[in-house]
Amino acid sequence: MVVAYKVSALTAFLARRLITVENVAMVNLLMDREIAPESLQEDCNPDKLFDGLASLIGNESARQRQLMGLSEAVKVLGAGTSPPSERAARAVLKFVGVVA
């Protein structure tokens with residue numbers, strides 16, 4: 001998986017001044033490291049996207065690292081536990097003091 005984002009020049013200008021994180025892809029933010037390569041703005045072009053995908057297709061260890069990172073992200077999100085809506089409801093109830 002390669003993440004690609006290209007926005008208007010004005011949006012990119014503002015984002016570069018306001019955003020302080022290194023990554024923008026949700027999986028990379030969640031794991032606080034690069035799981036999926038990001039091609040942003042000027043780097044969002046066919047050649048860069050091809051390079052990113054080719055490195056995963058042509059390199060089994062890189063592909064396995066990405067798959068392992070994606071699996072870790074799914075676990076962090078609570079795979080195998082109660083549904084997200086129930087977990088969110090419990091967190092809200094705990095926050096307002098209804099449930100311990």
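Modeller: Let's start with exposure: buried means under 20% relative accessible area, exposed over 50%, and partly exposed in between (1.4 Å probe, protein chains only). This is a predicted model, where local features need pLDDT of at least 70, side-chain atom pairs count only at pLDDT 80 or more, and totals for chains, interfaces and linings use all residues. Residues are numbered from 1 along each chain as its sequence is written, and side-chain values use heavy atoms, with hydrogens and water left out.

Biologist: Where does K48 fall, and what is its relative accessible area?

Modeller: K48 is partly exposed, at 41%.

Biologist: Which residue forms a salt bridge with K48?

Modeller: Side chains of opposite charge can pair when their charged atoms come close. The cut-off for a salt bridge is a side-chain nitrogen of Lys or Arg within 4 Å of a carboxyl oxygen of Asp or Glu. Here D43 is the partner, with the closest N and O atoms 3.8 Å apart. D43 is partly exposed too, at 37%.

Biologist: How many salt bridges does that rule give?

Modeller: Four. One of them joins E72 and R33, at 3.1 Å from N to O. E72 sits in helix α4 (residues 60-76) and R33 in the loop between α2 (26-31) and β2 (38-40), so this pair ties together parts that are 39 residues apart in sequence.

Biologist: And which residue does E60 pair with?

Modeller: E60 meets R63 in a salt bridge, again 3.1 Å from N to O. These two are three residues apart in helix α4, which means about one helical turn separates them. E60 is partly exposed at 44%, and R63 is partly exposed at 34%.

Notes:
Helix = DSSP H or I, 4+ residues; strand = E, 2+ residues; numbered from the N terminus.
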